[in-house]
Amino acid sequence: MILKNLYESDELLAMRSLNTRMELTNQDKLRYLNLEKGFEGEKKFDQMTELLKEERYIINSLLLKVNNSHFQLDKLIISQGGIHLLDIKNFQGDFYINDNKFIAVKTDREWKNPFDQLKRSSLLFRQLLQNLKLNYLVEPLVIFINPEFTLYQAPMDLPAIFPTQVDKF
């Protein structure tokens, strides 16, 4: 059961509007395209969760604050087994991890490591639960939804679901 639906962010709506009215700078165009791609990935994952048979509560796009720190969660799935804290990524192409750096193979460009963001969000979410005196098992995961994504040199214990594992998850 979806408790909070997925909606386009204010930033995506603004960028979409600006894109139709003017020529965006290269940096703004890249930001806009990344926002669109991210939203498409989250919609795709939502379509897959509609097929779930077990009783679950799904909350999309949460912005929370704990101990004066704000953090955003793409998706929270609450079930009897615990809480899945999910960060959905619609990355495309080949990447590898080296010294905790997330790097695109083709360009050798370093990207923001999604596992660092997940670690921070997970820590703050657990603190929020502790402050509320709630004791739940929390499983944080990065879901790579795009079938054209590959991550090389990924450690076995990485909190990730890869495109070939999404259906099983």
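A salt bridge is a side-chain nitrogen of Lys or Arg within 4 Å of a carboxyl oxygen of Asp or Glu. I keep in mind that this is a predicted model.

**Entry 1: a pair to start with**
I looked up Asp87 and found a salt bridge with Lys89, with 3.6 Å between the closest N and O atoms. Asp87 has 5% relative accessibility, so it counts as buried. Lys89 is buried too, at 15%.

How many salt bridges does the structure hold? I count 6. In one of them, Arg31 pairs with Glu11, and the closest N and O atoms are 2.8 Å apart. Arg31 sits in helix α2 (residues 26–49) and Glu11 in helix α1 (residues 10–21), 20 residues apart. Arg31 is partly exposed at 40% relative accessibility, and Glu11 is partly exposed at 36%.

Next I checked Glu36 and Arg16, whose side chains meet in a salt bridge at 2.7 Å, N to O. Glu36 is in α2 and Arg16 in α1, so this pair ties together parts 20 residues apart in sequence. Is Glu36 buried or exposed? At 14% relative accessibility, Glu36 counts as buried, while Arg16, at 24%, is partly exposed.

**Entry 2: helix α3**
Helix α3 (residues 114–131) has 18 residues, so at 1.5 Å a residue it should span 26 Å; its end C-alpha atoms are 26 Å apart, which agrees. Buried residues of α3 include Phe115, Leu118, Ser122 and Phe125. Just after α3, I noted that Lys133 has a positive phi of about 60 degrees.

Note on methods:
Residues are numbered from 1 along each chain as its sequence is written. This is a predicted model: local features need pLDDT of at least 70, side-chain atom pairs count only at pLDDT 80 or more; totals for chains, interfaces and linings use all residues. Side-chain values use heavy atoms; hydrogens and water are left out. Helices (H or I, at least four residues) and strands (E, at least two) are DSSP runs, numbered from the N terminus. The expected span of a helix is 1.5 Å times one less than its number of residues. Buried means under 20% relative accessible area, exposed over 50%, partly exposed in between (1.4 Å probe, protein chains only).
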